[in-house]
Amino acid sequence: MKQLALPAYSFSLKSDRGTELIFDDIRKKWIVLTPEEWVRQHFIRYLIDHKAYPASLIGVEVTFKVNSLTRRADILVYNRLGNPVLIVECKAPSVKIDNKVFDQVVAYNFRFRLPYIVVTNGLKHFACSISSDTSPDYTFLKSIPAYNELQPIQ
């Protein structure tokens, strides 16, 4: 798999009938190792190991509805009260982060109204804070916030 702009981590990998798998510690199961999954697993470890996000407060591929369509949030982070506070959209390293990709996670956030959005392809990472749940004013952040820096929408 491609080298990412994230720290290197050791993962449990195996092959099953020619299909490469990676063990997801959050979901506690083997997952097909796609380029997007490679990014997702690295980013989860980055959040836990470098930004002090509690693993128990991270959801992976969380299913939700938008206009009666079923969608999945790649990574959803919850506060200690069990409320979601940050959504992460992961793309394969070959996918350019453009307005279309950003608009996808913004659309997802209309469902959740979270104070933080992150988009990553493993090579570039963009984090935004949302200042209000009534007006989608986004401020791009210089870095991914640590867990203890997450603030609710004002």
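Which strand does threonine 120 lie in? The points below answer this and go on from there.

1. Threonine 120 belongs to strand β7, which covers residues 116–120. The model is a predicted one.

2. Threonine 120 counts as buried because its relative accessibility is 0%. Apart from neighbours within four places in sequence, threonine 120 touches Val39, Phe43, Val88, Glu89, Cys90, Lys91, Ile97 and His125.

3. Two polar partners of threonine 120 can be listed. Its side chain makes a polar contact with the side chain of histidine 125, at 2.6 Å. A polar atom of the threonine 120 side chain also lies 2.9 Å from the backbone nitrogen of glycine 122.

4. On the cysteines: the structure holds zero disulfides. Cysteine 90 is in none, and the nearest cysteine sulfur to its own, that of cysteine 128, is 15 Å away. Since a disulfide requires sulfur atoms within 2.5 Å, the 15 Å from the sulfur of cysteine 128 to that of cysteine 90 is too far for a bond. Cysteine 90 counts as buried because its relative accessibility is 0%; cysteine 128 is buried, with a relative accessible area of 0%.

5. Helix α2 has 14 residues (residues 99–112), which at 1.5 Å a residue should span 20 Å; the end C-alpha atoms are 20 Å apart, so the two values agree.

6. The buried residues of α2 are Val101, Phe102, Val105, Val106, Tyr108, Asn109 and Phe112. These cover an arc of only 160 degrees around the axis, and therefore sit on the same side of α2. The face turned away from that buried side carries the exposed residues Asn99 and Lys100.

7. What do the buried residues of α2 pack against? Their partners are β4 (58–66), β5 (69–78), β6 (84–90), β7, β8 (125–130) and β9.

8. Both ends of α2 have a local feature to check. At the start of α2, a side-chain oxygen of aspartate 98 comes within 3.1 Å of the backbone nitrogen of lysine 100. Following α2 is arginine 113, which has a positive phi, near 55 degrees.

9. Proline 145 is found in the segment after β9 (138–140). Is proline 145 buried or exposed? With a relative accessibility of 7%, proline 145 counts as buried, because the cut-off is under 20%. Setting aside neighbours within four places in sequence, its contacts are Lys51, Tyr53, Tyr116, Ala127 and Leu150. The C-alpha atom of proline 145 is separated by 27 Å from that of valine 66, which is 79 residues apart from proline 145 along the chain.

How values were computed: Residues are numbered from 1 along each chain as its sequence is written. This is a predicted model: local features need pLDDT of at least 70, side-chain atom pairs count only at pLDDT 80 or more; totals for chains, interfaces and linings use all residues. Side-chain values use heavy atoms; hydrogens and water are left out. Helices (H or I, at least four residues) and strands (E, at least two) are DSSP runs, numbered from the N terminus. Buried means under 20% relative accessible area, exposed over 50%, partly exposed in between (1.4 Å probe, protein chains only). Contact means heavy atoms within 4.5 Å. A polar contact is a pair of N or O atoms within 3.5 Å; within protein, one must be able to donate a hydrogen and the other to accept it, and residues adjacent in sequence count only if both atoms are side-chain atoms. The expected span of a helix is 1.5 Å times one less than its number of residues. The arc is that of the directions from the helix axis to the C-beta atoms.
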